[in-house]
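Hello,

Here is the structure you will be taking over. My notes on it follow below.

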Amino acid sequence: MTSEPRGAVKGKPQRDLEEDVDELVHLYGLEDDDELGDEFVNVNTPRIEISEYSPYMMARREAAMEQRDWRCSGEAAEAEDLSFGGWGSEGQCQDLREAYRYTHGRASEEYECYVIPEEEDEEEAADVFCVTCKTPIRALEKVLDEHKEHEVIPLSKALESAKDEIHKNMYKLETQIIEMENFASHLEEVFITVEENFGRQEQNFEYHYNEILETLAQKYESKIQALVEKKKERLEALYGQLVSCGENLDTCKELMETVEEICHEEKVDFIKDAMAMADRLRQFLETKTDVEISAQPALEDQNLDFSDVEQLLGSINTIPAPSAPVINPQAPNSATGSSVRVCWSLYSDDTVESYQLSCRPVQEGSRGKDQAEFTMTVKETYCSVTNLVPNTQYEFWVTAQNRAGVSPASECAVYMTAPSPPVIKTKEVRSCEEAALICWESGNLNPVDSYTVELTQAETPGASGVTESVVGIPTCASLVQLQPRQSYTIYVRALNVGGPSARSEPATVHTTGSYFRLNEQTCHPWLTVSEDGLTAVRSERRTPAGEPPPSNTHFTRCVAVMGDLIPVRGRHYWEVEVDEHLDYTVGVAFEDVPKQEELGANCLSWCMRHTWAKPRHKYEFLHNKMTPDIRITVSPKKIGILLDYENSKLSFFNVDISQHLYTFSCQLHQFVHPCFSLEKPGCLKIHNGISMPKHVTFY
Amino acid sequence: MALKQISSNKCFGGLQKVFEHDSVELNCKMKFAIYLPPKAETEKCPALYWLSGLSCTEQNFITKSGYHQAASEHGLVVIAADTSPRGCNIKGEDENWDFGTGAGFYVDATENPWRTNYRMYSYVTEELPQLINANFPVDPQRMSISGHSMGGHGALICALKNPGKYKSVSAFAPICNPVLCPWGKKAFSGYLGTDQSKWKAYDATYLVKAYPGSQLDILIDQGKDDNFLSDGQLLPENFIAACTEKKIPVVFRLQEGYDHSYYFIATFITDHIRHHAKYLNA
């Protein structure tokens, strides 16, 4: 319905553009000032009053028919600067008026100046354009006196600039139309709002006046009833009195008659009767005759109490107490670990001075009174509640209040604080060239929804690396794909419905080579692992006190320890620093390799064993208790180990002289871990996180 | 030094060729085989020289060892030389399979009548490489050497006598200490005379003891069921002991169940090609 004015503008063909603009201006009461004067005299005050919305109403319904009528009212309003007082600024009004004048004026000017002369071409072909006169002329005329001093340009150029001008103006006009449309829709909104506001006010009045009338009716009823009852009571009393009065009168008359009769009797009888009569008379006279009127005819002073009505009347113009606000459900990602942002809304016709927000932590089972409950007063329809416990649910409800009173409480809404940041187990971070395995502790007692891993590549110092995120991780570990030979800073966040936690402390990962630490849980009791997790030491002093009991996790026979290699297929390379005279075994084994067996003594491990029986060094490459017969003339001080899942190979190298020692072909149906064993006191030092040497790439 | 192509066969993308030429050192017509990998079409490749064992020609290795695929993949030019001068009409040259024709032992003979033609050491270390460098797309700076049995001995002494000349060396069942084995004694006394001190100059075990210590990685494969091993012709233990003492890097693999044949070579040739490629392509 409200789109009609716009529709009309759009619908009409181009030739009517000017008219349209006119109409548009009419529609919004924006007429030229000169017309205003004529109409102004007709304006009267009541009209101004209705002008705030009446033109709009009519425009919606019968735009064309009522055009004139409301136009003048619009003008009147404009004239008195009232028109937009309620729903638009004066400046805006002024702008529109000028805009109209501009488009209107220019458009007609263009038609007159440029279009019409073209049609006149038939008469005499004009070939130049006189800028001064703004008219095309023939070149010949230039020499004539009229245009002699004038500036002339070629007609084609003039035509072009004129066309440009037209296009520009058309563009402006289009812009204008769009603006107008926007303005119309804005007005529409204002209209609806005004309508609604007044509607509500009407309802409010109706409600209140009905209330007063009802109160008055009730009062009337009760007063009348009281009056009737009183009347009945009094009349009854009077009647009773009247009856008893009559009875007394009868008794008196009878006594009179009796006395008279006695007077006519014999003396003896008289005396006898007179004595009796005298007693009777005395008795009668002693009974006091009630001659007081029990009920007064006059009405008591009726005091009518209208104070409550007055109060009701008074309340019509004051605001009602607000209704219960509506508390919003928690917005996603709006919480922090210690705060939530609670939002609610009021009914738009309520006037609220402040809100009381109450809060109580939700606890399973016992929703007792012992739960700390606290309340805060806020002016806004939101509140950031701070100092809360992370990853915890809180129940919130809110009341609104103003001078008239306090609203009922809203529904309860449960909000949740974001979790505490997780704690990355930096000692368990392992990596290779393509990936890193990050493990962390939740940092929260209650479960969280998921975790996010954020990684920033520190490609060059100073360069602000882009942060990538891996989201929706359900567990406390994630294998993150990375680029080779880079450095990354890694953070973890925990998430729940309230939002993400703060970042964890960072962990740094270098994707150069494979990086792992020795896993102390697999460590034979006689071995100790250094703080950095890269050195295994079998102490001289320790005198073995028998073999430890069998275990599934740590080695019990061979004095060995496993490294935690990242479970990624591909190539892994590490080096072990050894003493030439140390008996050691290095290699790989499946995680479930029997821990009470020697390394290489089964199908689940592959390793190189060195034993030194002076003067000979013996090197064995053991798998399933078997070794090839291999003699090595130079004892390695550093052994390189290449684990190649893709080619199912495990190779050993003498690092210092780039010598290939041996390559196993092994079926690696699951992930293996590096393992290290010391058959004699001494130590093994692991070097990892290093690039693979080139000579190794041949195997 | 005109080269005459005897044959050319495409193999693993490259070409296995055989040439004949007039050898200055040996004073006779000699054949050699050369494999040109596909990479040699566009660039100079490193060269691996193969020295065959007793009674062999350039044919044995190229027809039996199956080295082509590995050489093709690693881009190695492989040259297989003959084992002695041919057709020199020296009296008695064809009487023994372990002396004379097919048994040059890679020494420069000093005794008559062998001294004119039997200069195999100079041939394989000087003349042949120059010929190859001049006629084929090889990088003179990158060469290695390998061989089998007597050729293994040849490979070891060539490398040990010329520190730095070869990037790497490997051998299959080499005669490691010819001075002490029947084959060696027979050959050396025939070619070098009775002065055993001269023999040591062509004995790998002795050469190791005097080796100045340039980086050299030696790979040796030896079949455990090799009759010549048990006959005491090869004596690898002596060589290993010497290398251990002198800290010359050797990986010696005693391969269970293998004998002295080309089946054994074919089994492990890929490892050897890779061993050389590691140094030649480093």
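Tyr220(A) is exposed, its relative accessible area being 54%. This is a predicted model, and the figures here were computed from it. The residue belongs to helix α9 of chain A, which covers residues 155–263. On the surface, Tyr220(A) forms a nonpolar patch with Ile224(A), Leu227(A) and Val228(A), and together they have about 380 Å² of accessible area. In an α-helix, residues three or four places apart point the same way, because there are 3.6 residues a turn.

Glu620(A) is buried, with a relative accessible area of 14%, which is under the 20% cut-off. Its place is in strand β28 of chain A, residues 616–622. With neighbours within four places in sequence left aside, Glu620(A) is in contact with Cys607(A), Met608(A), Arg609(A), Thr611(A) and Thr627(A).

In chain B, helix α10 (residues 262–280) has a kink of about 50 degrees, centred on Phe268(B). Of the 19 residues of α10(B), 14 are buried, so the helix is largely enclosed by the rest of the structure. Where α10(B) starts, the backbone nitrogen of Tyr263(B) has a side-chain oxygen of Ser261(B) within 3.1 Å.

Some totals for chain A: there are 11 helices and 34 strands, and 40% of the 699 residues are buried. Among contacts in chain A with a separation of 6 or more, 66% are between residues 24 or more positions apart. The chain exposes about 39800 Å², with 53% of that supplied by carbon and sulfur atoms.

Regards

Terms used:
Residues numbered from 1 in each chain as written. Chains lettered and ligands numbered in written order. Predicted model: local features only at pLDDT ≥ 70, side-chain atom pairs only at ≥ 80, totals over all residues. Heavy atoms only, no water. Patch = residues over 30% accessible without salt bridge, like charges linked within 9 Å, V, L, I, M, F, W, Y side chains within 5 Å. Areas by Shrake-Rupley, 256 points an atom, 1.4 Å probe, with all protein chains shown as cover. Salt bridge = Lys/Arg side-chain N within 4 Å of Asp/Glu carboxyl O. Helix = DSSP H or I, 4+ residues; strand = E, 2+ residues; numbered from the N terminus. Buried < 20%, exposed > 50% of the residue type's maximum accessible area, 1.4 Å probe, protein only. Bend = angle between axes of the 7 residues up to and from the residue. Polar contact = N/O pair within 3.5 Å; in protein donor to acceptor, adjacent residues only side chain to side chain. Contact = heavy atoms within 4.5 Å.
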